[in-house]
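Visitor: I have a structure open and have not looked at it before. Can you walk me through it?
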Amino acid sequence: MAHNDSPTDDLVEIQQLLARYAVTITKGDLDGLLAVFTPDGTYSAFGDTYPLAEFPALVEAAPKGLFLTGTPVVELDGDTATGTQPLCFVDHATHDMRIGYYSDTYARTEHGWRLRTRAMTFIRRSGAHDSGRPHAYQRGEA
């Protein structure tokens, strides 16, 4: 992909990439979700880092609902970037909320910008910020 000379174009592309993440995971579109990551992409939460190969089981075990994300703060650095994006997850069955933010790294690829790493930080009622407690998905139990 040709390098963009416009930082605004890069920012819009990254924002659309992150919108695709939120919409595809909300709709249960696993293929669409996987497509927003680089092949070596990872997701970190619950004290572990998960490669793409583990995403299907991770998503299957996760609660279903609305992933409502805010506009990210993005720092561009040539063909890489870093960012932080707020998240409010609303459980479809109970409408209980989980709030926090993603800390991301992005890479420009031949297919456009992609997420390379995404790490979740939860904000607790106590005010604590942490990576979460292990949940329904446990490695090696399939």
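Visitor: Which elements line the second largest pocket?
Guide: H1, S1, H3, strand S3 (65-69), S5, S6 and S7 each supply at least two residues of that lining. Helices (H or I, at least four residues) and strands (E, at least two) are DSSP runs, numbered from the N terminus. This is a predicted model, in which local features need pLDDT of at least 70, side-chain atom pairs count only at pLDDT 80 or more, and totals for chains, interfaces and linings use all residues. Residues are numbered from 1 along each chain as its sequence is written, and side-chain values use heavy atoms, with hydrogens and water left out.

Visitor: What counts as a pocket?
Guide: On a 1 Å grid over the protein atoms alone, a pocket is an open set of points with protein on both sides within 12 Å along at least five of seven lines, where a cavity is a set of points where a 1.4 Å probe fits but cannot get out; lining residues have an atom within 4 Å of a point.

Visitor: How many residues line the second largest pocket, and which lie nearest its centre?
Guide: The lining has 23 residues, and Tyr 21, Ile 25, Tyr 43, Ala 62 and Phe 67 lie nearest the centre. By type, 17 are nonpolar, four polar and two charged. Here Ala, Val, Leu, Ile, Met, Phe, Trp, Tyr, Cys and Pro count as nonpolar, Asp, Glu, Lys and Arg as charged, and the others, Gly among them, as polar.

Visitor: What about the largest nonpolar core, how many residues has it?
Guide: That core has 27 residues, and Tyr 21, Phe 37, Tyr 43, Tyr 106 and Leu 115 have the most contacts inside it. Helix H1 (7-27), strand S1 (37-45), helix H3 (55-61), S5, S6 and S7 each supply at least two of its residues. H1 gives the largest share, six residues. A nonpolar core is a set of buried Ala, Val, Leu, Ile, Met, Phe, Trp, Tyr and Cys residues joined through side-chain atoms within 4.5 Å. Buried means under 20% relative accessible area, exposed over 50%, partly exposed in between (1.4 Å probe, protein chains only).

Visitor: What does Phe 37 touch?
Guide: Leaving out residues up to four places away in sequence, Phe 37 touches Tyr 21, Thr 42, Leu 52, Phe 55, Arg 114, Leu 115 and Arg 118. Contact means heavy atoms within 4.5 Å.

Visitor: New topic. How do S5 and S6 pair?
Guide: S5 (residues 80-91) and S6 (residues 97-109) are antiparallel, with 11 bridges. Two strands pair if DSSP finds at least two bridges between them. Thr 80 has Ala 107 of S6 as its bridge partner. In turn, Ala 107 has Arg 114 as its partner in S7. S6 and S7 (residues 112-123) also run antiparallel, joined by 10 bridges.

Visitor: How many residues sit between the strands in those hairpins?
Guide: Five lie between S5 and S6, and two between S6 and S7.

Visitor: Is His 95 buried or exposed?
Guide: His 95 counts as exposed because its relative accessibility is 59%. His 95 is in the loop between S5 and S6, and its phi is near 60°, a positive value in a residue other than glycine.

Visitor: And Phe 46, buried or exposed?
Guide: Phe 46 has 12% relative accessibility, so it counts as buried. Phe 46 lies in the loop between S1 and strand S2 (48-51), and its phi is also positive, near 60°.
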